[in-house]
Amino acid sequence: MRLLAALAMLANPLAAAEVPSGQEVTLHEVLVDAQETVTWLRFRYLAPQIAAGEGQITYDTAGEDMLHLCQTFAMGYMADYALTADKIVISFMDRITEFGQPDPDAVQYFESFREEDGVCIWDDF
């Protein structure tokens, strides 16, 4: 994947109570990834509880959290910064990783959405 434009924007961290599972997630960065035919808006969250091991938050549980964040945070963020995107990606990582760089030791979950009438709809990549 070729990253043509990236715009990192700071935002306030989210508290654990702000996702359905109760896990602690913190917004790490927001990237605008404008490619030839598609613009991706990527919300990258640090979510230490997805790390492998006892008590791991599973992908299914994290998926509901990602949908919640898309609807309750990403939609407002897009409006506040006058952003549009063909795809909205919410990603969780158990440790900070550099975007686009492989890290075989990191656990990462991704979900893709599209916006329709102000609502996040599950989408496939």
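A polar contact is a pair of N or O atoms within 3.5 Å; within protein, one atom must be able to donate a hydrogen and the other to accept it, and residues adjacent in sequence count only if both atoms are side-chain atoms. The model shown is predicted: local features need pLDDT of at least 70, side-chain atom pairs count only at pLDDT 80 or more, and totals for chains, interfaces and linings use all residues. Residues are numbered from 1 along each chain as its sequence is written, and side-chain values use heavy atoms, with hydrogens and water left out.

View 1. D65 lies in helix 1, which covers residues 59–80; helices (H or I, at least four residues) and strands (E, at least two) are DSSP runs numbered from the N terminus. The side chains of D65 and Q23 are joined by a polar contact of 2.8 Å. Leaving aside residues up to four places away in sequence, D65 is in contact (heavy atoms within 4.5 Å) with V19, P20, S21, Q23 and F92. D65 is buried but has no salt bridge, and the nearest side chain of opposite charge, R44, is 17 Å away. Buried denotes under 20% relative accessible area, exposed over 50%, and partly exposed the range in between (1.4 Å probe, protein chains only). For charge, Lys and Arg count as positive and Asp and Glu as negative, whereas His and the chain ends are not counted.

**View 2. Helix 1 and its packing.** Helix 1 has 22 residues and spans 29 Å from its first C-alpha to its last, close to the 32 Å expected at 1.5 Å a residue; the expected span is 1.5 Å times one less than the number of residues. At C70 the helix bends by about 35 degrees, the bend being the angle between axes fitted to the seven residues ending there and the seven starting there. Its buried residues include D65, L69, C70 and F73. The buried residues of helix 1 pack against strand 1, strand 2, strand 3 (87–93), strand 4 (108–116) and strand 5 (119–123). Just after the helix, A82 takes a positive phi of about 50 degrees.

**View 3. The pair R44 and E29.** A salt bridge, defined as a side-chain nitrogen of Lys or Arg within 4 Å of a carboxyl oxygen of Asp or Glu, links the side chains of R44 and E29 at 2.3 Å, N to O. R44 belongs to strand 2 (residues 39–46) and E29 to strand 1 (residues 26–34), so the pair ties together parts that are 15 residues apart in sequence. R44 is buried at 4% relative accessible area, and E29 also counts as buried, at 15%. A polar contact of 2.8 Å joins the side chains of R44 and T97. Among the other residues that R44 touches are L31, S91, M93 and F99.

**View 4. The salt bridges of R114.** The whole structure contains six salt bridges. R114 forms one with E116, the closest N and O atoms being 2.7 Å apart. R114 is partly exposed, with a relative accessible area of 28%, and E116 is likewise partly exposed, at 38%. R114 also forms a salt bridge with D123, with the closest N and O atoms 3.4 Å apart. Through shared partners, salt bridges join K87, R114, E116 and D123 into one network.
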